[in-house]
Amino acid sequence: MNAQPFTYQQLQALHDIAGDLATPGEFHEALQRALNRMSDQLGVRRGMISIYLRDIEELRTIVANNMTEEETDRARFAPGEGITGRVLREGRAIIVPRIAEEPAFLNRSGTRNKDANPEMSFICVPICFGAEVVGTLSADFTALGEADLQREQALLEAIAHLIASRVERRRMIEENKRLKELESTDGNSIIIGSSDAVKHVRQMIAQVADSRTTVLLTGETGTGKGLVARAIHRASPRRDQPFVHLNCGAIPEHLVESELFGHEKGAFTGAVANREGRFEVAGSGTIFLDEINSLPSQAQVKLLKVIQDRQFERVGATRSIHTNARIITATNRELEKEVEEGRFRADLFYRLNVFPILIPPLRNRGADIMLLTDHFIARYAEEMGRKVERIDTPAIDLLMAYHWPGNVRELENAIERAVLLSEGGVITTRCLPPSLQMKSMEERAGTRGRLEQLVAAYEMGLIKDALKDAGGNQTKAAQLLETTKRIIQYKIAKYDIEYRNFRKSGR
Ligand SMILES: Nc1ncnc2c1ncn2[C@@H]1O[C@H](COP(=O)(O)OP(=O)(O)OP(=O)(O)O)[C@@H](O)[C@H]1O
Ligand SMILES: [Mg+2]
């Protein structure tokens, strides 16, 4: 049977609801207004809007009409549970022509006992954004014929589209808020950097934070994987729950399972008492498994099971323990290669690799080196109670030219040392570790005579420093270097130095 065409009254209601939802204002209020219109103008007996909370994987009713607050609060569904949960999972509408005849009908809110009218129809439609189901819209009607039911379904679907953009808008606003927090300058978990790579990493953190999604962090040693893991936790709704960090590579193989899952007294030699594992400690917080590539194969099997069933047993125990922890893993090895070579389970890899974040090496993020340097100078100067006013140009050149195999950690260590060695408030090349000087000399020696290159680099640095101190004034710079203006001009041209950049307003 074909659906009936919309009536004028229904079109009018759709128009009004669209207007309500497009009006700026509080999220819940806007949705409530839409439901009220559905009951006033469309004869809906009871309407319900439920939103999927990705974080706890639960569909929760956030506004309803003709229901008390308590009844609304009871209307929660796991994906697949009852009619509403099924609509969420399957992403398509379900019509129940007669509630009384439908065994899958849960009556979760308990409201159907009150007016035990069996002659009710129920329609539930998904609220979709793109391919993703973000919630459900459901409504009770006084029993309708089949053609009417189909028309009501089409109407609800139209309203669900309107609601979807409002839900999505709110999510974008929240994502932006998280992004702002990540960029703000408080706390020492802030991720410094203005390179596109770091911006992208911050965006991904903001995107993934509010879900339970497993995140895999990859990047060379010292690129900031630990920092990013903590940032995800802090930006998530779990921020007040524990953050548990376990380095899988740092524990003897035979103790890994007991460390992760705990053990019962007597489970193995040395297990003298019951002990809870890191998963239990994490509770509903975040568990960060570092160097996941070194997880022994037995433990890999168990971890896979935890991800699939959210359950585990302590070593030596039979009782299963439920976990709601979010899992973040990290590796500085290429995990795909470990899989290819049979050292890491493919099925586990796919489970961990749902949301990969790659942190590029520091040498590819030139723009960040200076920002990080300034940041670490400020931090260590304060910590050591030393005054560091500047870092001279030759030292900057060395920092920029170096290839940083130890990435940000190596830079941090170099700066800590440099602050300690600084004299007269200035960090010079002599304050930097020998490894930097060696490397840059090797690189420079490649092309032309080594001495000539070194001297030129040194001379250029001296001139730039003098220009900086002289605010770009060539005569003054010449005086500082005890030479003539003519020589300074000649060298500026020879080294192609932009002396205007050193004027006070520039720089
Ligand atoms: N973008 C950044 N902004 C500020 N500090 C950073 C940044 N990236 C890294 N760091 C700092 O550098 C140090 C090393 O970072 P971290 O320990 O997170 O690296 P990692 O990738 O976990 O290294 P590994 O693989 O060796 O464990 C830390 O002190 C961290 O705070
Ligand atoms: Mg680390």
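Let's start at W404, which sits in the loop between helix 14 (393-401) and helix 15. Keep in mind that this is a predicted model. The backbone does something worth a look here: phi of W404 is near 45°, a positive value in a residue other than glycine. Most residues other than glycine have a negative phi.

You'll find E291 in the loop between strand 11 (286-290) and helix 10 (297-309). With 18 C-beta neighbours inside 10 Å, E291 counts as partly exposed.

Now move on to helix 15, which spans 407-421. Helix 15 and helix 7 (225-235) each supply at least two residues of the shell around ligand 1. That shell has 17 residues, and the closest are I192, G224, K225, G226 and V408.

Where does ligand 1 sit relative to the domains? Domain 2 (184-360) and domain 3 (364-502) both give residues to its shell, so ligand 1 lies between them. The domain assignment also gives a domain 1, covering 8-176. The C-alpha centres of domain 2 and domain 3 are 40 Å apart, and 12 residues of domain 2 are in contact with 12 residues of domain 3. On the domain 2 side of that contact, you get 4 nonpolar, 7 polar and 1 charged.

Back to helix 7 for a moment. Because 8 of its 11 residues are buried, helix 7 is largely enclosed by the rest of the structure. The buried ones are K225, V228, A229, R230, A231, I232, H233 and A235. K225, then, is buried and is also among the residues closest to ligand 1.

Finally, have a look at a helix pair. Helix 2 (residues 27-42) and helix 5 (residues 146-183) pack at an angle of about 175°, with their axes 11 Å apart. Angles over 145 degrees count as roughly antiparallel, so that is the label for this pair. At the contact, F27, A30, L31 and A34 in helix 2 meet I159, I163, R166 and R170 in helix 5. The residues of this contact divide into 6 nonpolar, no polar and 2 charged. As for the spacing, an α-helix has 3.6 residues a turn, so residues three or four places apart point the same way.

Definitions and conventions. Residues numbered from 1 in each chain as written. Chains lettered and ligands numbered in written order. Predicted model: local features only at pLDDT ≥ 70, side-chain atom pairs only at ≥ 80, totals over all residues. Near = placed C-beta within 6 Å. Helix = DSSP H or I, 4+ residues; strand = E, 2+ residues; numbered from the N terminus. Domains from an automatic or database assignment. Buried ≥ 20, exposed ≤ 12 C-beta atoms within 10 Å, placed from the backbone. Contact = placed C-beta atoms within 7 Å. Nonpolar A, V, L, I, M, F, W, Y, C, P; charged D, E, K, R; others polar. Axes fitted to C-alpha atoms, helices over the stretch in contact; angles between N-to-C directions. Parallel < 35°, antiparallel > 145°, perpendicular 65-115°, else oblique.
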